[in-house]
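Subject: Structure for your review

Dear colleague,

Please find below the structure I am handing over to you, together with its sequence.

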Amino acid sequence: MPPQDHPAWLHAERRALGDRIRERRMRQNLTQEKLAEAAGVSRDTVQRIERGTNDPRYSDLARIACALDTPLAKLVGG
């Protein structure tokens, strides 16, 4: 299924995930650049996930969760 054909609820879930990551990042006074560095991903990856514009890879989410010292389930489960 091409990305533009994703249902609205899936877009909403991705945006909510991005919001949760952004909130935790900001609470820890981290820039996107610093989070990316700590997680071992690119800043563009962090930016796309926070905006909800792509389907993030599990490994990227796991790295971000670790860098934020947050269980992955809390990030994806809300």
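I begin with N29, which is exposed, since its relative accessible area is 72% and the cut-off for exposed is over 50%. N29 is placed in the loop between α1 and α2. Its phi is near 55°, a positive value in a residue other than glycine. Please bear in mind throughout that this is a predicted model.

A corresponding description can be given for D69. D69 belongs to the loop between α4 and α5, and its phi is near 55°, again a positive value in a residue that is not glycine. With a relative accessible area of 71%, D69 is exposed.

The loop between α4 and α5 (72-77) also holds T70. Is T70 buried or exposed? Its relative accessibility is 13%, and T70 therefore counts as buried, the limit being under 20%. Leaving aside residues up to four places away in sequence, T70 touches R24, A65 and L75.

G40 follows α2 and has a phi near 75°. G52 follows α3, and its phi is likewise positive, near 75°.

The packing of α2 and α3

Helix α2 comprises residues 32-39 and helix α3 residues 43-51; they pack at an angle of about 115°, and their axes are 8 Å apart. The two helices are therefore roughly perpendicular to each other, as angles of 65 to 115 degrees are counted in that class. The crossing of α2 and α3 is right-handed. On the α2 side the contact is made by Q32, E33, L35 and A36, and on the α3 side by R43, V46, Q47 and E50.

Q47, which is found in helix α3, counts as partly exposed because its relative accessibility is 23%. Between Q47 and E33 there are 9.2 Å from C-alpha to C-alpha, with a separation of 14 residues in sequence.

Which residues of α2 are buried? They are Q32, L35, A36 and A39. These residues cover an arc of only 100° around the axis, which puts them on the same side of α2. An α-helix has 3.6 residues a turn, so residues three or four places apart point the same way. E37 and A38, on the other side of α2, are exposed. The buried residues of α2 pack against α1 (8-27), α3 and α4 (58-67).

The buried side of α3

In α3 the buried residues are T45, V46, I49 and E50. Their arc around the axis is only 125°, which puts them on the same side of α3. The elements that cover the buried residues of α3 include α1, α2 and α4.

The packing of α1 and α3

How far apart are the axes of α1 and α3, and at what angle do these helices pack? The axes are 6 Å apart, and the angle is about 120°. That makes α1 oblique to α3, since the class of roughly perpendicular runs from 65 to 115 degrees. From α1 the contact involves R14, R15, G18, D19, I21, R22 and R25, and from α3 it involves I49, E50 and R51. The residues of the contact of α1 with α3 divide into seven charged, two nonpolar and one polar.

Helix α1 also contains A12. At 34% relative accessibility, A12 counts as partly exposed. The C-alpha atoms of A12 and T31 are separated by 24 Å, and these residues lie 19 apart along the chain.

To draw the points on α3 together: α3 packs with α2 at an angle of about 115° and with α1 at an angle of about 120°. E50 of α3 takes part in the contact with α2 and in the contact with α1, and E50 is among the buried residues of α3.

With kind regards

Note on methods
Residues numbered from 1 in each chain as written. Predicted model: local features only at pLDDT ≥ 70, side-chain atom pairs only at ≥ 80, totals over all residues. Heavy atoms only, no water. Axes fitted to C-alpha atoms, helices over the stretch in contact; angles between N-to-C directions. Helix = DSSP H or I, 4+ residues; strand = E, 2+ residues; numbered from the N terminus. Parallel < 35°, antiparallel > 145°, perpendicular 65-115°, else oblique. Left-handed = near helix turned anticlockwise from the far one by under 90°. Contact = heavy atoms within 4.5 Å. Buried < 20%, exposed > 50% of the residue type's maximum accessible area, 1.4 Å probe, protein only. Arc of directions from axis to C-beta. Nonpolar A, V, L, I, M, F, W, Y, C, P; charged D, E, K, R; others polar.
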